[in-house]
Amino acid sequence: MVVLALEFVADPGFTGQLLAWVLAGSLLGSCSGLVPGLHANNFALLLAGIAGSIPGPPLFVGCAMLAAGVVHTFLNAVPAMALGVPDAEMAVTALPGHRMVLDGRGYEAIRLSAVGSLLAVLAAVPFAVPITWAVTAVYPTVRANLSLILAVVVVALLASEFNWRARLGGALSFGLATILGALTLDSSPEAPLEAGGMLAPLFAGLFGAPVLIDAMFGCGIPPQRGEEIRLSRPLLAGTAIAGALAGAVVGYIPGISAAIAAVAVLVLVPGGSGDRGYIVATSGVDTANTIFALFALVAIGHPRTGVMVAFDEAGVPLELPILIGGVLVAGSIGFVLVILVGDAYLELVGQLSYWKISTVVLGLLLVLSYLFTGPLGIVVFVAATAVGMVPVRLRARRVHLMGVLIGPLMLGL
């Protein structure tokens, strides 16, 4: 490990090759992150399928895969905000970010997400060792009481609704989403691509389709203005660190996804931060999860995310100094790209007819559902869309739809 680290510093050829692989992975992660509704796990399984056939040293291939995963977590905020179509990890962020876009503050929302992800990268590296020790120490207690912890989070979110109608709507949404998750999550349908999983049609239907359907009858995205971040630096840093710590929990504790951790963070984010704090914290969860999952693989020998499964299957040597260097470079690339591409994305969407965009994206979500889960995925997508309309019509927050993951986990299904 020490020899490789010294080679990284002293050998320009080695460093150049490593940077080239990281850049290639970053480009791949950028493309995947910008596809509306493409879930990170589907992307990771596609990587796992091709990793063995990529010519190159396993360490460099691993750096490229890790870079792709990190940059994906930066860029997936863009379609979530511009179109309201998230992947699972960005589901909680999608509505606050999209609200800011509709309020003309899209540029700021993009920068909030970029800063949240970048601060998570910077916080994850120094926090990794103490958090590894702490989480592994408390893991047995957390695992034994996981249902109770999740129940407390759900009750807190329901209680935070502004009136009883919204609370009842949230409870109904949570219950319907739980039933939907219990019936579909463990399905393994035949599909054209061997990178399936029900998360793609579930989250596209629950969170993406309702926004697109309503958008067909709306006025589209207004002109965007103002790039300055209207959140104090202490609050910005605090919410980003909260997201990073939650991402660490995801990396080490089985059964907790980044989406679930993002819901828990909403309870902890200071109320005064509003939508801005949600965006920063949940973006931090998504990115930190990718990084801490690497440390979890080293510490306990088990991959906790789809990207880490692909990483492990490729037989990548666990040379942390090199891999961390690649992560830091990828994080810097992702930070720049999400601002440059995000601004251009918002401008392009603002210039096009929104009902046409909505129709095309709905069609894309149907195609992705079929490719990853076959004909059953189309049925699940339609059912999820119907459930996804419930909180919208009852004026409750859509975060309660995360019952699709939390509910079955609480019930031990």
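**Exercise 1. Find which elements of the protein have the lowest and the highest mean pLDDT.**

Solution. The model is predicted, so local features need pLDDT of at least 70 and side-chain atom pairs count only at pLDDT 80 or more, while totals for chains, interfaces and linings use all residues. Residues are numbered from 1 along each chain as its sequence is written, and side-chain values use heavy atoms, with hydrogens and water left out.

Step 1. pLDDT is the predictor's confidence in each residue, from 0 to 100. Helices are DSSP runs (H or I, at least four residues), numbered from the N terminus.

Step 2. Over residues 1-6, pLDDT stays under 50. The mean for the protein is 80, and 82% of its residues reach 70 or more.

**Exercise 2. State whether L183 is buried or exposed, and name the surface patch that includes L183.**

Solution. Step 1. L183 is in helix α9.

Step 1. Buried means under 20% relative accessible area, exposed over 50%, and partly exposed in between (1.4 Å probe, protein chains only). L183 counts as exposed because its relative accessibility is 67%.

Step 2. L172, L176, I179 and L183 make a nonpolar surface patch of about 380 Å². Such patches take residues with over 30% relative accessible area and no salt bridge; nonpolar side chains (Val, Leu, Ile, Met, Phe, Trp, Tyr) are joined within 5 Å, like charges within 9 Å.

**Exercise 3. Describe the salt bridge between E161 and R397.**

Solution. Step 1. The side chains of E161 and R397 meet at 3.7 Å, N to O.

Step 1. E161 sits in the loop between α8 (146-159) and α9, and R397 in the loop between α16 (354-393) and α17 (403-410), 236 residues apart.

Step 2. E161 is buried, with a relative accessible area of 3%, whereas R397 is partly exposed at 23%.

Definitions and conventions: Helices (H or I, at least four residues) and strands (E, at least two) are DSSP runs, numbered from the N terminus. Contact means heavy atoms within 4.5 Å. Accessible areas come from the Shrake-Rupley method with a 1.4 Å probe; for residues, only the protein chains shown count as cover. A salt bridge is a side-chain nitrogen of Lys or Arg within 4 Å of a carboxyl oxygen of Asp or Glu.
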